[in-house]
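Here is a friendly walk through one model, with the structure shown just below. Keep it open while you read.

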Amino acid sequence: MPPAPGTAPDDRPDHTLVERAGLGDHAAFATLVARHGAALYRYARRLAPSPQDAEDAVQDALTAAWLGAERYRGDSSVRTWLFGIQTNCVRRAARRRAHTAVPVADDVRPPPKAPTGDEPVEHLLATDLRAALDRALAELPGPQRAVWLLVEVEGMSYGDAAHVLQTTHAAVRGSLERARHTLSRRFAAWR
């Protein structure tokens, strides 16, 4: 969300914004959402079964972050703290879904967009590769998928990913290695 015309962007550090949010500063929290909301959604979308479930999980995480901002201790970066909350919200939603039978359409993916560039073959290959990656990620065990997304997509360190997932550095390293190996085998034909 860009700043209003005539105002400077809020360049305060994340930890300051959380402290301000803990005191009820809505603008400070809105800045945090603008900085990290898209990454939280991207992460949740790859863990949740549908876009609506991902949106709900992000909403739950942001609500929990707002309500818990005054309890942020600074043991980790704000980004790591937010991803930890997001992970817990996705896990809780998965547990709730496991207890509720909900019919799901065979294909929840929207149809691919028509090529817009001069290279429709490249667009088609990119679309096919993206769909194959989505399927391959969905088939990874949950912890491996979460680790791969945090490290490879979100660029987190092993330590930050371990903090988010409430596990050890070694467990993150092992899960990531297994995920990379599985994905490498699945995509050998794409090389």
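## Overall make-up

Among contacts in the protein chain with a separation of 6 or more, 62% are between residues 24 or more positions apart. Please keep in mind that this is a predicted model.

Of its 191 residues, 36% count as buried.

## Where H2 meets H4

Let us turn to a pair of helices. Helix H2 (residues 26-47) packs with helix H4 (residues 78-98) at an angle of about 40 degrees, and their axes are 10 Å apart. The crossing of the two is right-handed.

On the H2 side, the residues in contact are Leu32, His36, Ala39, Leu40, Tyr43, Ala44 and Leu47. They meet Val78, Arg79, Leu82, Phe83, Gln86, Thr87 and Val90 of H4. Sorted by class, this contact has ten nonpolar, three polar and one charged residues.

Which residues of H3 are buried? They are Ala54, Ala57, Val58, Ala61, Leu62, Ala65 and Gly68. Looking down the axis of H3, these buried residues fall within an arc of 140 degrees, so they line one face of the helix. Their packing partners are H2 and H4.

## Helix H4 and what covers it

The same length check works for H4: its 21 residues should span 30 Å at 1.5 Å a residue, and its end C-alpha atoms are 30 Å apart, which agrees.

The buried residues of H4 are Val78, Thr80, Trp81, Leu82, Phe83, Gly84, Ile85, Gln86, Thr87, Cys89, Val90 and Ala93. Their cover includes helix H1 (14-22), H2, H3, helix H6 (142-153) and helix H7 (158-165). Val78, Leu82, Phe83, Gln86, Thr87 and Val90 are also among the H4 residues that meet H2.

## A look at alanine 170

Towards the end of this tour, consider alanine 170, which lies in helix H8 (residues 169-186).

How far apart are the C-alpha atoms of alanine 170 and tyrosine 158? The separation is 8.4 Å, for two residues that are twelve residues apart along the chain.

Definitions and conventions
Residues numbered from 1 in each chain as written. Predicted model: local features only at pLDDT ≥ 70, side-chain atom pairs only at ≥ 80, totals over all residues. Heavy atoms only, no water. Axes fitted to C-alpha atoms, helices over the stretch in contact; angles between N-to-C directions. Helix = DSSP H or I, 4+ residues; strand = E, 2+ residues; numbered from the N terminus. Left-handed = near helix turned anticlockwise from the far one by under 90°. Contact = heavy atoms within 4.5 Å. Nonpolar A, V, L, I, M, F, W, Y, C, P; charged D, E, K, R; others polar. Buried < 20%, exposed > 50% of the residue type's maximum accessible area, 1.4 Å probe, protein only. Arc of directions from axis to C-beta. Expected span 1.5 Å × (residues − 1).
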